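Subject: Handing over the structure

Dear colleague,

I am passing a structure on to you, and below it I have written out what was found in it. Please keep it open beside this email as you read.

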Amino acid sequence: MQRIEQHACFGGQQEVWQHASSTLDCTMKFAIYLPSQAARGPCPVLYWLSGLTCSEQNFIQKAGAQRYAAEHGLVLVAPDTSPRGDGVADDDGYDLGQGAGFYLNAAREPWARHYRMHDYVVSELPALVDAHFPTTTARGISGHSMGGHGALVIALRNPGRYRSVSAFSPIVAPSRVPWGEKAFDAYLGPDRELWKQWDACELVRTACERLPLLVDQGGADEFLQVQLRPELLRDACAAFGHPLTLRMQPDYDHSYYFIASFIGEHVAHHAAALQE
């Protein structure tokens, strides 16, 4: 690994690292915030997954989460949103290819060689973080938009691996909205039964662990009615008895202004579960 950025921040260190990923077969970057408590011993980890077009930079520059991580003694890890590089398949659209990995394992060419973001986030990245930084085995996961989809799906698909999960403006039913339909058809193929394995609303039907879901959604989000549709997650959780706190926040849009306004509450939510 190579450290390519380091900045003092709220008494801790905000760093960015680069490494060769065997899972994604390319060079990847991830950001990590180490609070001052990490100098004295291992700390729990909160993973953050960003949305379409983002990299590891958006969250660390715009969310203001370091302040709250410093207060609670949490390590923050934010990976890039997809594999990158000249040899990695891409698309002209912003919502497919590089910057749009959808946190799944692609099964269809030309994507299958590199686009295995689920395995990267669940296995390779935590193993790397735990080997090189002072972390405990207590993990939470959160994210925004496409990353909110990723956080919900990864937590639901991997019972026992995370103690907490939350999301901002998640794509809760990608099988039924344009963003998800485009990505799933490209990455997975036309079999909609296969799509259900990567859809939070479908996964709550068979979840063997009832990990509570915390979701914040802006009422003025321009993608609310067509792409996000939080009511589908509300209905699925109600039907199958999965605990959900869905908070509709009037006047807030899809931007990091929204995330910055409530990230402190989300970090506190995770800290309560991770430090039990």
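Is Tyr257 buried or exposed? Tyr257 is exposed, because its relative accessible area is 71%, where exposed means over 50% relative accessible area, buried means under 20%, and partly exposed lies in between, with a 1.4 Å probe and protein chains only.

Before going further, please note that this is a predicted model, in which local features need pLDDT of at least 70 and side-chain atom pairs count only at pLDDT 80 or more, while totals for chains, interfaces and linings use all residues. Residues are numbered from 1 along each chain as its sequence is written, and side-chain values use heavy atoms, with hydrogens and water left out.

**Helix 10**

Tyr257 is found in helix 10, and here helices (H or I, at least four residues) and strands (E, at least two) are DSSP runs that are numbered from the N terminus. Although Tyr257 and Ala63 are 194 residues apart in sequence, their C-alpha atoms are 7.7 Å apart in space. Ile259 lies in helix 10 as well, but Ile259 counts as buried because its relative accessibility is 0%. Ile259 and Met117 are 142 residues apart in sequence, and from C-alpha to C-alpha they are 23 Å apart in space.

**Aromatic pairs**

How many aromatic pairs does a search of the whole structure find? The search finds 14 of them, where rings of Phe, Tyr and Trp (its six-membered ring) pair if their centres lie within 6.5 Å, and planes under 30 degrees apart count as stacked, over 60 as edge-to-face and the rest as tilted.

Another edge-to-face pair is that of Phe258 and Phe262, with 5.7 Å from centre to centre and 70° between the planes. These two residues are separated by about one helical turn, because they are 4 residues apart in helix 10 (residues 256-274). Phe258 counts as buried, since its relative accessibility is 0%, and Phe262 is buried with a relative accessible area of 9%. Ring pairs also link Phe258 and Phe262 into a cluster with Trp48, Phe59, Phe168 and Tyr252.

**Side-chain contacts**

Arg157 lies over the face of Trp198, at 3.8 Å from the ring centre; a charge sits over a ring if NZ of Lys or CZ of Arg is within 6 Å of the ring centre and within 35 degrees of the ring normal. Elsewhere, Gln14 is found in strand 2 (residues 12-21) and counts as buried at 5% relative accessibility. The side chain of Gln14 makes a polar contact with the side chain of Gln66 at 3.0 Å, where a polar contact is a pair of N or O atoms within 3.5 Å; within protein, one must be able to donate a hydrogen and the other to accept it, and residues adjacent in sequence count only if both atoms are side-chain atoms.

**Backbone details**

Most residues other than glycine have a negative phi, and most peptide bonds are trans. With that in mind, please look at Glu109 and Pro110, which are joined by a cis peptide bond with omega of about 10°; Pro110 has its place in the loop between strand 5 and helix 3.

Ser145 has a phi near 60°, which is a positive value in a residue other than glycine. Ser145 is in the loop between strand 6 (135-143) and helix 4 (146-157), and at 3% relative accessibility Ser145 counts as buried. Ser169 is not a glycine either, yet its phi is positive, at about 45°. Ser169 lies in the loop between strand 7 (164-168) and helix 5 and counts as buried at 0% relative accessibility. Between Ser169 and Asp221 there are 8.2 Å in space, C-alpha to C-alpha, although the two are 52 residues apart in sequence.
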